[in-house]
Amino acid sequence: MQTTVGEFILDRLKAIGITEIIGVPGDFNLSFLEQIDEDKDIRFVGACNELNAAYAADGYARQRGVGCLLTTYGVGELSALNGIAGARAEHVPMVSIAGAPPQYATEFGWNLHHSLADGDFANMLDAIAPFTEVATRVSPMNVVEEFDRALHTCLREKRPVHIQIPSDITHLTIEVPDTPFSTELATSDQERLEAAADRVLERLAAATDPIILIDQDTSRHGFADKFRAIIDKAQLPYSQLSSGKAILSERDPLFIGTYNGAASAPGVQERIENSDFLVTTNPRFIEVNSGSFTHDLEKAHVFNFGDQHLNADGEYFVGINTLELLDVLVERIPAKEAAAGEKFELPAFEPDESAPLTQERIWNQMIHFLKKDDVVIAEAGTSNIGLGPLRMPEGVQYINSTIWGSIGFTLPAVLGSQLANPERRHVLFIGDGSFQLTAQELSTILRQELKPIIVLVNNDGYTIERYILGMEQEYNAIQNWNYNELPKVFKADTTMESYAAKTEGELAKALADISEHPERGAFLEVQLDAFDAPKGLQAFGPLTAEFDYGPRGPRNPETSSQG
């Protein structure tokens, strides 16, 4: 079958579930953009800059399973690199496409704009390659094999891939396979699959305290529903890392709390580290989710489920599709009658009408606002630290950047996530400092007529950095904005409603009005003292200073004002 290079690429993107390509136009990708514009089943959504576009593609992927980014050569793709690297760190599948100079210009080493004018057209791919699983430039002769290879790798490994498309080849005709693109993973070696299942069931039967420990990859590789079925059938207790928050219900009687080394919920560290059958899914411990490296799983009998292998307490089973292994376990695992567990009860909260908002109380007020099946997006800093200990309602999808931790990520991530699923209520919690990094993407959210609820936590600067170092230093300060006016600045006829709250009573009134009007978006500024912080952050800051600066490095004076 014959088609053009551009049409082939679009057909492949649609086959993996992409209906929006997020990016920024540039002269090297305009020929491809023309083809996107002609296709009725896929569209281009322009972001304000390439970094934001990459963040948005990441958010899209967390909702849809894969996202697509479009930039232009050099200036565009390098501007997006931080977002691509974040997707790599967080195991998010992203197809990054960059329009490249014409094929003849790259082959003959012409000096061109957006390059270093030295005839080197390998350097951009060299720069991006360490942060992707595939980094390649296609030609009419290899585009079918190379693009399919990139897509299969992206979907299998849950990592970004980067493909440069020369600007002069998108409208050339090529021969493509008649068969549709398959997103199915390779099947297992049957003997290894059965042996792995037998090993798991044997050890589970002998265990006295089996526990499942959830992390990011439980979601990324599609394990969550299957683990849920295993947990329900076998009545297995489970925990989570903070980087795997709310992937499974946090309000189920079988949930024992979050494991975070010495900073774990009460009793959780002992249970996890002494379990004689601990199921994990490739946990990656950093200082944030390990209680500053106080985790210790060496004595645990760990059964680690990777996407293509099982490490069963030191015995490796390779050549298996773990989704198939989990299906076998769901079928064969012995059923156990559900015990009458302790039902979770959300603590009551009664707002004090005139009390100023504080970090100690605001998150308990907010948890009552959140609803079943919300998408909750929490910016790194006070928002994530404040929400972290609270148990989300059933079905909540919790999005943050635990490992990469790039502030400003979440506003564009809301754009991408809601583009992928506009019917689901999205609630973003973002600090004023983080918001100022990517604030212009609010205009794209409004232009696309999306309706998220944006809660801007205004504490007059970088509170998380203040508690690490420079409590009252100018370098942690930012210019205060008239945040509530921004929706109408960006879009004069927007239906998004603005609110501001300084007291618990004002916040209660704003949240009630927002709940009564789900048909419109909301921009809610909550104002807190600059030196107020969640207790978790008050502890995290000094520990970070100890880790980062060494015994002779600077510290916050103990006499610094904290409220």
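How many bridges join strand 13 to strand 14, and do these strands run parallel or antiparallel? In the predicted model described here, three bridges join strand 13 (residues 302-305) to strand 14 (residues 309-312), and the two strands run antiparallel. Within this pairing, F305 has L310 of strand 14 as its bridge partner. Helix 13 (residues 322-332) packs on the sheet and touches both strand 13 and strand 14. The direction of helix 13 makes about 125° with that of strand 13.

The sheet to which these strands belong is open and consists of seven strands in the order 11-10-9-12-13-14-15, with mixed pairing. Its edges are formed by strand 11 (255-258) and strand 15 (315-318), each of which pairs on one side only. From one strand to the next, the twist averages 15°. The loop between strand 14 and strand 15 contains D313. The phi of D313 is positive, about 55°, although the residue is not a glycine. Most residues other than glycine have a negative phi. With a relative accessible area of 33%, D313 is partly exposed.

A further open sheet is built from six strands in the order 17-16-18-19-21-20, and here the pairing is parallel. Strand 17 (397-399) and strand 20 are the edge strands, each pairing on one side only. Neighbouring strands of this sheet are turned against each other by 15° on average, direction ignored. Strand 16 (residues 375-378) and strand 18 (residues 426-431) run parallel and are joined by four bridges. In this pair, I377 stands opposite L428 of strand 18. Helix 16 (residues 410-420) lies across strand 16, strand 17, strand 18 and strand 19 (453-458). Relative to strand 18, helix 16 runs at about 170°.

The UniProt record, an unreviewed entry, places the feature "domain: Thiamine pyrophosphate enzyme TPP-binding" at residues 391-517. This span is 39% helix and 16% strand, and its end C-alpha atoms lie 25 Å apart. T495 lies in the loop between helix 20 (486-490) and strand 20 (497-501). At 52% relative accessibility, T495 counts as exposed, because the threshold for that class is over 50%. Residues up to four places away in sequence aside, T495 touches K451, R520 and G521. The C-alpha atoms of T495 and I21 are 25 Å apart in space, with a sequence separation of 474 residues.

Helix 8 (residues 143-157) has 15 residues and reaches 21 Å from its first C-alpha to its last, close to the 21 Å expected at 1.5 Å a residue. Of its 15 residues, 11 are buried, so helix 8 is largely enclosed by the rest of the structure. The buried residues of helix 8 are V143, V144, E146, F147, D148, A150, L151, T153, C154, L155 and E157. Among the elements that cover them are helix 1 (5-15), strand 5 (94-100), strand 6 (134-137), strand 7 (161-166) and strand 8 (173-175).

Helix 8 is followed by K158, which lies in the loop between helix 8 and strand 7. The phi of K158 is near 55°, a positive value in a residue other than glycine. K158 has a relative accessible area of 15% and is therefore buried, the cut-off being under 20%.

Strand 7 also contains H162, which is buried with a relative accessible area of 0%. The side chain of H162 makes a polar contact with the side chain of E77 at 2.7 Å. Beyond neighbours within four places in sequence, H162 is in contact with E77, S96, A98, L125, I128, T132, V134, A135 and T136.

Key. Residues are numbered from 1 along each chain as its sequence is written. This is a predicted model: local features need pLDDT of at least 70, side-chain atom pairs count only at pLDDT 80 or more; totals for chains, interfaces and linings use all residues. Side-chain values use heavy atoms; hydrogens and water are left out. Two strands pair if DSSP finds at least two bridges between them. Axes are lines fitted to C-alpha atoms, for helices over the stretch in contact, and angles run from 0 to 180 degrees between N-to-C directions. Contact means heavy atoms within 4.5 Å. Buried means under 20% relative accessible area, exposed over 50%, partly exposed in between (1.4 Å probe, protein chains only). The expected span of a helix is 1.5 Å times one less than its number of residues. A polar contact is a pair of N or O atoms within 3.5 Å; within protein, one must be able to donate a hydrogen and the other to accept it, and residues adjacent in sequence count only if both atoms are side-chain atoms. UniProt positions are given in the numbering used here, feature names are shortened, and annotations may be inferred rather than shown by experiment.
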